[in-house]
Amino acid sequence: MKNNNSWVIYIISFVLLVSTILILFVSNHPRIVTKFCDYNQNDFYLQMQRGEDLNVIRRANNSLLNIYDFNNFPSINCKLDDVWKASNYNNNSHELYAHSLNILWDLLVAHQRTQDNSYLVKGKQIILSWIAKNKISNPLASRYSWSEHSTSTRTISILLFFDYYNKFYEIDESLKEEIDKYCSDV
């Protein structure tokens with residue numbers, strides 16, 4: 001019996017010794033290092049959403065000409081308020097991406113690279129147009145205007161766009177009010 005107890009004591013002692021050494025080593029050699037990002041030197045929005053997409057600037061420039069490209073689907077060339085009509089889309093995915101407002105990411109990246117405020121103005125117009133033409137009280141305007149996927153993606157896009165937009169313009173109370181109403185409907 002005495003022999004069994006001594007083994008238990010040796011094992012416990014060994015575990016305590018190894019644990020102490022491990023704790024001392026980890027506390028003196030941390031594995032996690034926090035690095036702060038300088039947003040002026042990094043394409044934050046591109047890294048978040050657009051990856052290696054080479055068509056970002058082309059899509060952003062097209063939107064300034066009222067030619068709307070939603071990802072790599074065919075362009076929609078019409079007045080902004082008419083973009084949201086279901087007849088403009090080639091398939092369900094095209095309609096889903098249009099109502100997700102992924103185009104706002106293109107405009108953010110284009111502004112970040114060029115500092116041309118016309119991209120921010122166009123983004124604001126797109127948001128206000130979408131809100132005006134796709135009221136939650138009329139969800140049948142489009143199959144995808146209020147689907148879960150497009151709604152969640154659009155909401156993230158709108159809020160990030162608005163946050164970025166407010167770094168370059170004084171807080172736009174009318175845009176803020178429209179976004180607040182939109183978010184209360186979501």
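## Lys85 and its salt bridge

Lys85 is partly exposed, with a relative accessibility of 46%. In this predicted model, Lys85 forms a salt bridge with Asp82, and their closest N and O atoms are 3.5 Å apart. Asp82 also counts as partly exposed, at 24% relative accessibility.

This pair belongs to a set of 5 salt bridges held by the structure.

Helix H8 covers residues 173-185 and contains both Asp180 and Lys176. The side chains of these two residues meet in a salt bridge, with an N to O distance of 3.2 Å. Because Asp180 and Lys176 are 4 residues apart in the helix, about one helical turn separates them.

Both partners are partly exposed. The relative accessible area is 41% for Asp180 and 31% for Lys176.

## The crossing of helices H3 and H5

Helix H3 spans residues 56-64 and helix H5 spans residues 103-114; their axes come within 8 Å and cross at roughly 100 degrees. An angle from 65 to 115 degrees counts as roughly perpendicular, so H3 is roughly perpendicular to H5.

On the H3 side, the residues in contact are Val56, Ile57, Arg59, Ala60 and Ser63. On the H5 side, they are Ile103, Asp106, Leu107, Val109, Ala110 and Arg113. Sorted by class, the contact of H3 with H5 has 7 nonpolar residues, 1 polar residue and 3 charged residues.

## A buried charged pair

Two of the residues at this contact, Arg59 and Asp106, form a salt bridge in which the closest N and O atoms are 2.8 Å apart.

## Two asparagines with positive phi

Most residues other than glycine have a negative phi. Asn66 has a positive phi, near 60 degrees, and is found in the loop between H3 and strand S1, which covers residues 67-68. At 30% relative accessibility, Asn66 is partly exposed.

Asn71 also has a positive phi, of about 55 degrees, although it is not a glycine. Asn71 is placed in the loop between S1 and strand S2, the latter covering residues 76-77. With a relative accessibility of 16%, Asn71 counts as buried.

## The chain as a whole

The protein chain has 8 helices and 2 strands. Along the sequence, these elements follow the pattern α-α-α-β-β-α-α-α-α-α.

Of the 186 residues in the protein chain, 36% are buried. The accessible surface of the chain comes to about 11600 Å², and carbon and sulfur atoms account for 57% of that area. Among contacts between residues at least 6 apart in sequence, 61% join residues at least 24 apart.

Methods: Residues are numbered from 1 along each chain as its sequence is written. This is a predicted model: local features need pLDDT of at least 70, side-chain atom pairs count only at pLDDT 80 or more; totals for chains, interfaces and linings use all residues. Side-chain values use heavy atoms; hydrogens and water are left out. Axes are lines fitted to C-alpha atoms, for helices over the stretch in contact, and angles run from 0 to 180 degrees between N-to-C directions. Angles under 35 degrees count as roughly parallel, over 145 as roughly antiparallel, 65 to 115 as roughly perpendicular and the rest as oblique. Contact means heavy atoms within 4.5 Å. Ala, Val, Leu, Ile, Met, Phe, Trp, Tyr, Cys and Pro count as nonpolar, Asp, Glu, Lys and Arg as charged, and the others, Gly among them, as polar. A salt bridge is a side-chain nitrogen of Lys or Arg within 4 Å of a carboxyl oxygen of Asp or Glu. Buried means under 20% relative accessible area, exposed over 50%, partly exposed in between (1.4 Å probe, protein chains only). Accessible areas come from the Shrake-Rupley method with a 1.4 Å probe; for residues, only the protein chains shown count as cover.
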